[in-house]
Amino acid sequence: MILALHPTLIVSAALFSLGLYTVLSRRNAVAVLMGVELILNSANLQFAAFSRFTTGKLDGQVFALFVIVLAAAEAAVALAIILAIHHNARSIQVDDADRLRDDV
Amino acid sequence: MADTLYLAFLLLILASAAIVAFSQHIVRSAFALLLTFFGVAGAYVFLFADFLAGTQLLIYVGGILVLILFAVMLTNRISDIRLSSESRGKGRAAFVSLLAFSGIVVSELCIPWPHKPLPDQPTTAGLGEALLSDYLLPFEAISILLLVVMVGAAVIARRDWRRPDA
């Protein structure tokens, strides 16, 4: 019986830890952004699974909708910040972007 | 039959997420992310979340993934063949991730969850009612947030940010 709560939870936890690994180990800022998207998708999968199997109501799906909208907003702002860093530092490696001051 | 298809979608999610996490090529990671989003959308269908599956395809695949590909193409030189995205601190990252995975799995499998399945019917009407009754305030707040994000992203991404003479 794969179509049940526990397999979905295990896969979602694995998706979360893969996203966490991506966020922690990547140096490229766009790749870090991809890891964040993996983490958000794993949370959405859990919301949908709990809505389907344990609560019997739609509130989990409403939460997942809000998470999707927030993920879109976050991706847009993150892309803008990455472009700004790229213009200033000529690099999008996250450990090159360690200055807060304007001057070099 | 449904079991087999659901298993296929879960395996697709895991395999493509592993490629996103471990591939040393940023474009390969981006296209593997596309497969992950498709797999999650397929899983939503089996979890009776039909509207969520459509939204996932529209916004994630149609919007966010295109944004990420734009970021890749704008920030790496196209002539640069490798487009690499190397990793560092793999050991520590793997340790923390495995710790998080085992913690989540153990705690979630120990809890006796109640069993109350969702009725097998379209969710769009119920979601619309929830958004315009119980969740009206977050719904309006998130529309303001979208406006702020739109303006903010345009301002931040301007090339001559704070340097009108440049």
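How many residues does the contact take from chain A and from chain B? It takes 63 from chain A and 75 from chain B, with two residues in contact if their C-beta atoms, placed from the backbone, lie within 7 Å.

This is a predicted model, where local features need pLDDT of at least 70, side-chain atom pairs count only at pLDDT 80 or more, and totals for chains, interfaces and linings use all residues. Residues are numbered from 1 along each chain as its sequence is written, while chains are lettered from A and ligands numbered from 1 in the order in which they are written.

**View 1. The side of chain A that touches chain B.** Helices H1 (5–25), H2 (29–55) and H3 (59–89) of chain A each give two or more residues here. Helices are DSSP runs (H or I, at least four residues), numbered from the N terminus. H3(A) gives the most, with 22 residues. By class, this side has 45 nonpolar, 13 polar and five charged residues (Ala, Val, Leu, Ile, Met, Phe, Trp, Tyr, Cys and Pro count as nonpolar, Asp, Glu, Lys and Arg as charged, and the others, Gly among them, as polar).

**View 2. H2(A) packed with H3(A).** Their axes sit 9 Å apart, at an angle of about 175°; axes are lines fitted to C-alpha atoms, for helices over the stretch in contact, and angles run from 0 to 180 degrees between N-to-C directions. That makes the H2(A) and H3(A) pair roughly antiparallel (angles over 145 degrees). The contact includes A:Leu33, A:Leu40 and A:Phe47 of H2(A), plus A:Phe63, A:Val67 and A:Ile82 of H3(A). Its residues split into 16 nonpolar, five polar and two charged.

Technical notes
Angles under 35 degrees count as roughly parallel, over 145 as roughly antiparallel, 65 to 115 as roughly perpendicular and the rest as oblique.
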